[in-house]
Amino acid sequence: YLALTGSFVGNKQTATDLVVVGKVDRALFSRAIDKFQRELGREINYTLMTPREYNERRSLGDKFLLTVLSSPLVVAVNELDEV
């Protein structure tokens with residue numbers, strides 16, 4: 001799952017700009033984000049979760065997660081049922 005939120009959709013009130021849920025190599029992802037930030041010339045706030053963490057937080061009604069998901073966003077990849 002990959003969603004653009006926050007500054008990517010013109011909402012500076014959202015605490016994160018990018019939400020990624022999946023099995024991701026965190027070191028590789030961090031390097032890619034660092035490069036992207038340099039190219040953009042600004043910081044990107046992101047949230048990276050495993051599918052298990054996402055499901056647990058969602059089932060618990062995690063305020064942060066529910067606030068982000070109910071804010072304006074653009075879903076680029078939506079395969080949560082498959083992870």
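I began at Thr47, which touches Thr16, Leu18, Val19, Val20 and Phe64, not counting residues up to four places away in sequence. Contact here means heavy atoms within 4.5 Å. The model is predicted, so I note its terms: local features need pLDDT of at least 70, side-chain atom pairs count only at pLDDT 80 or more, and totals for chains, interfaces and linings use all residues. Residues are numbered from 1 along each chain as its sequence is written, and side-chain values use heavy atoms, with hydrogens and water left out.

**Entry: Thr47**

I placed Thr47 in strand β3. Helices (H or I, at least four residues) and strands (E, at least two) are DSSP runs, numbered from the N terminus. Is Thr47 buried or exposed? Thr47 counts as buried because its relative accessibility is 11%. The cut-offs are under 20% relative accessible area for buried and over 50% for exposed, with partly exposed in between (1.4 Å probe, protein chains only). I also found a polar contact of 3.1 Å between the side chains of Thr47 and Thr16. A polar contact is a pair of N or O atoms within 3.5 Å; within protein, one must be able to donate a hydrogen and the other to accept it, and residues adjacent in sequence count only if both atoms are side-chain atoms.

**Entry: the strands**

I followed the pairing from β2 (residues 18–21). Strands pair if DSSP finds at least two bridges between them. β2 and β3 (residues 46–49) run parallel over four bridges. In that pairing, Val19 stands opposite Thr47, and Leu18 stands opposite Tyr46. With β1 (residues 2–4), β2 pairs in the antiparallel sense over three bridges. There, Leu4 has Leu18 as its bridge partner.

Next I checked the faces of β2. In a regular strand the side chains alternate between the two faces of the sheet. Both faces of β2 are covered: Leu18 and Val20 are buried on one side, Val19 and Val21 on the other.

**Entry: helix α1**

I traced the path from β2 through α1 (residues 26–40) to β3 and got a right-handed β-α-β unit. Right-handed means that, with the strands pointing away from the viewer, the path from the first strand over the helix to the second runs clockwise. α1 has 15 residues and reaches 21 Å from its first C-alpha to its last, close to the 21 Å expected. The expected span is 1.5 Å times one less than the number of residues.

Which residues of α1 are buried? They are Phe29, Ile33 and Gln37. They lie on the same side of α1 because they cover an arc of only 75 degrees around the axis. The arc is that of the directions from the helix axis to the C-beta atoms. β2 and β3 are among what covers them. Arg31, Arg38 and Glu39 are exposed on the face turned away from the buried side.

I looked at both ends. At the start of α1, a side-chain oxygen of Asp25 comes within 3.0 Å of the backbone nitrogen of Ala27. Just after α1, Gly41 has a positive phi of about 75 degrees.

**Entry: Asn11**

I found Asn11 in the loop between β1 and β2. Asn11 counts as buried because its relative accessibility is 15%. A polar atom of its side chain lies 3.0 Å from the backbone nitrogen of Gln13. The side chains of Asn11 and Thr14 make a polar contact of 2.9 Å. Leaving aside neighbours within four places in sequence, Asn11 is in contact with Gly6, Ser71 and Pro72.
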